Amino acid sequence: MDDLKAKYLTQTADAADESALEAIRVAAVGKKGEISLKMRELGKMTPEQRQVAGPALNALKDEINSALAAKKAALADAALDERLRSEWLDVTLPGRPRRGGTLHPVSQVTEEVTAIFAELGFSVAEGPRIETDWHNFDALNIPGHHPARAEMDTFYMHRAEGDDRPPHVLRTHTSPVQIRTMEKAGAPLRIICPGGVYRADYDQTHTPMFHQVEGLAIDKDISMANLKWVLEEFFAAFFEIDGIKTRFRASHFPFTEPSAEVDIQCSWVDGQLKIGEGDGWMEVLGSGMVHPKVLEAGGIDPYEYQGFAFGIGIDRLAMLKYGIPDLRAFFDSDLRWLRHYGFAALDVPTLHGGLSR
Ligand code: DAH
């Protein structure tokens, strides 16, 4: 037995790789291995012999097995060390700022908005841009005959001849993400939904694709006061102006009751718009308390929960904050424009680190 032990432990120690180890395992403790065969002979022994040989063989088997396992781990470590030594990457090559791209103002503002609302406890939700007309309209309390459908200049998707289901639409706003998130997550809820939306419209302040960010907060005791505070915090942080004045004007949206449009303080001096001063007002968003029918469509009991919602144009925010005059230029992919209005790619906006250095 000592010979067997010496033989297999030496072989194990000398094994160069995993397949050599496997061969040793088969030869020693495999089904027809030398030690297994010896174990089979136990049956022919006298009980006294067996009492000595049995435990000894088992111990030998265990010892060889653990030697094999230890060697296997050692080989793996060595292989990893070797890879770490041979595969390396020189990360010291300096960046090439002149050739670097820039972040589009829409991306930058989306990041800024997200950073601010994240700080207020909102998480980001998303939904599809090709939307059912139920999510885009009906669930938001805009039934088939409602004038808002026509006002929204909707792009309808084509349906095959003879398919008379209602067509999908390119979502005309981010509000359907309210419904999708309610369906998925239920109440309570605190989300924003940034993303692209589509309407058949084109002039200096309208493009067929633009961006909105939707906000939605649902809980048992949410009120207009919460909406006002959240929006004021948001504008102060976004425009980096403490105590920026806002004005809530009564309005109407089918999916909120009551509804308010919100203006921020601004001035026009020599054709130059200045946010946060003067006695002019600039409309920036729509908002209100979520209509009970909308909560119901999202599967939430309006007798138990209530909430506020708002929708802001992201491109509009970018134009206001960064003084960009023409919306159409946002989507022209003109490199000179992108270099001028773009942002350094690595300056991720945060509230503490600065939103818009
Ligand atoms: N969905 C509206 C639009 O695109 C904007 C909006 C208004 C969203 C009021 C809201 C809201 O959530 O409460 O014109």
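The model is predicted. The protein chain falls into two domains, domain 1 covering residues 2–86 and domain 2 covering residues 102–344. Between the C-alpha centres of domain 1 and domain 2 the distance is 69 Å. The secondary structure of the chain consists of 12 helices and 12 strands.

Along the principal axes, its C-alpha atoms occupy a box of roughly 105 × 55 × 50 Å.

Some whole-chain values are tabulated here.

| Property of the protein chain | Value |
|---|---|
| Share of the 357 residues that count as buried | 41% |
| Accessible surface | about 20,100 Å² |
| Share of accessible surface from carbon and sulfur atoms | 53% |
| Contacts joining residues at least 24 apart, among those between residues at least 6 apart in sequence | 65% |

Charged side chains number 39 positive and 53 negative, and the centres of these two sets are 8 Å apart.

Helix α11 spans residues 314–322, and eight of its nine residues are buried, so the helix is largely enclosed by the rest of the structure. Buried here means under 20% relative accessible area. The buried residues of α11 include I314, L317, A318, M319, L320 and Y322. D315 and K321 are also buried in this helix. After α11 comes G323, which has a positive phi near 60°.

Conventions. Residues numbered from 1 in each chain as written. Predicted model: local features only at pLDDT ≥ 70, side-chain atom pairs only at ≥ 80, totals over all residues. Heavy atoms only, no water. Domains from an automatic or database assignment. Helix = DSSP H or I, 4+ residues; strand = E, 2+ residues; numbered from the N terminus. Buried < 20%, exposed > 50% of the residue type's maximum accessible area, 1.4 Å probe, protein only. Contact = heavy atoms within 4.5 Å. Areas by Shrake-Rupley, 256 points an atom, 1.4 Å probe, with all protein chains shown as cover. Lys, Arg positive; Asp, Glu negative; His and termini not counted. Charge placed at Lys NZ, Arg CZ, Asp CG, Glu CD.
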